[in-house]
Amino acid sequence: MKFVKSLMAASLAVAIAGAAQAAVSPEEAAKLGTSLTLVGAEKAASADGSIPAYEGGLTTAPAGFKAGDSMRPDPFADEKPVLVIDGKNVDQYKDLLSATTVELAKRYPGFRVDVYPTHRTVAMPQAVLDNAVKNATGAKSSNGGLAIENVLPGVPFPIPQSGAEAMWNHLLRYQGVTINSKYDSWNVDAAGVATLATTGQAFINYPIYQDLSQPINDTDVYYQMKLYYTGPARRAGEAIMLKDAANAVEQPRRAWQYLPGQRRVKLAPNLAYDTPNPGTAGAGTYDDVFVFNGALDRYDWKLVGKQDMIVPYNTYKLTYAQDPKALTTPNHLAPDQVRWEKHRVWVVEGTLKSGARHIYAKRRFYLDEDSWVALASDQYDARGQIYRGSFAFLSQSYDKQVPDTTPFVIYDLVGNSYNINGIVGPYGGIRYIEPLAKSQWAAESLAGAGIR
């Protein structure tokens, strides 16, 4: 009898885990476009006015911008900080900062946070926003949050009911359709020496946004990336390709690698999770890219709630910086190059599942309410000590209605080093291009361009 009860309980647990999470009610969804924006952010200003009301984002280019250019002038270049936080006063503001930010301020006398006036610049195409509203009552999560159902291209869960749904909002966020940029990745070691990790040519495509009327199926690829490494000399000629599908349980990440010495393209299923990322010379993992990417299945996700937070934002100066040496100072990025603002973020915690393997036992993410971008994260080791922390640098591509976070930084707080990836300023900035031909996303395409 006890065996039967145990079997029934186990079957019930499996059924619950596999069941779809219901969408929100029409009454709840009616808040979208009234008290909430169409992607679920609070429309109103904060009580003290430090976070302004949302008024549609930045859609007008500043004076000096040339139509069609991929280098975007900073529309806020003349502003001055309204607050400066460093090691002397960081405890006063620690509730507004990530644990990584607090640790950097306490550890390094030269680190500081220059806080500027807040501008809610994020804007997206109307069709993407309309899909978010439809998703509120139609989209569902399944397999315990590991998969999605009946989702249109756009924010799948503008009013999230779980941590996994909030993370899906980050993974499926609108970033344009196809991006092509040449970039640098630099490591700065504990001695303060900056070394070029890689130079590469990146093609990033979000196929789900090529037809906004088409619901996303389990096997649909929502993100694919192709990288050709051109430097340093020891890496030149290498290439990788990654593809992520909407249901990673049914269709895990597919990856391929081309190595010039072998002269062939081979499957590379280990280019995921906590495998050290050679693009950062091992300073970060593959799922550290863009603060977080890839499958959700190794963690239990908790939606902690929403809070005000000081985060990098409207970072045009850093994103389009043309001299990497101006960015890479010892111990931390040059404070003069980083703009911080106060914004509302969703806080999501991931705790490593029992029996799962990953170098991070716990991760805490801070998702921007206006774009659903993970702007910052704190990563903890098995001892519960902070191990690494990341930041994404958001700037609105005002000519394209695209919120972009191409550059990101990973701080290793154990090794006292860091990596900044996605430095595109020396190579002409961020380019949005027409989607590549389907043949260009075949694994065989890596070989032709990957030969030295």
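Helix H4 packs, through its buried residues, against helix H3 (90–93) and strands S2 (113–115), S12 (340–352), S14 (374–380), S15 (386–392) and S18 (408–412). Packing here rests on contact, meaning heavy atoms within 4.5 Å. The model is predicted: local features need pLDDT of at least 70, side-chain atom pairs count only at pLDDT 80 or more, and totals for chains, interfaces and linings use all residues. Residues are numbered from 1 along each chain as its sequence is written, and side-chain values use heavy atoms, leaving out hydrogens and water.

**Helix H4**
- H4 spans residues 99–107, and its buried residues are Thr 100, Thr 101, Val 102, Leu 104 and Ala 105.
- Buried means under 20% relative accessible area (1.4 Å probe, protein chains only).
- Helices (H or I, at least four residues) and strands (E, at least two) are DSSP runs, numbered from the N terminus.

**Aromatic pairs**
- The count is 16 aromatic pairs, where rings of Phe, Tyr and Trp (its six-membered ring) pair if their centres lie within 6.5 Å, and planes under 30 degrees apart are stacked, over 60 edge-to-face and the rest tilted.
- Phe 292 and Phe 365 are edge-to-face, because their ring centres are 5.5 Å apart and their planes stand at 65 degrees.
- This pair links distant parts of the chain, 73 residues apart: Phe 292 is in the loop between strands S10 (264–267) and S11 (299–312), and Phe 365 is in strand S13 (residues 362–368).
- Phe 292 is buried at 2% relative accessible area, and Phe 365 is buried at 0%.
- Phe 292, Tyr 299, Trp 301 and Phe 365 form one aromatic cluster.

**Charges over rings**
- A charge sits over a ring if NZ of Lys or CZ of Arg is within 6 Å of the ring centre and within 35 degrees of the ring normal.
- The charged end of Lys 226 sits over the ring of Trp 441, 5.5 Å from its centre.
- Arg 298 lies over the face of Tyr 273, 3.6 Å from the ring centre.

How values were computed:
Buried < 20%, exposed > 50% of the residue type's maximum accessible area, 1.4 Å probe, protein only.
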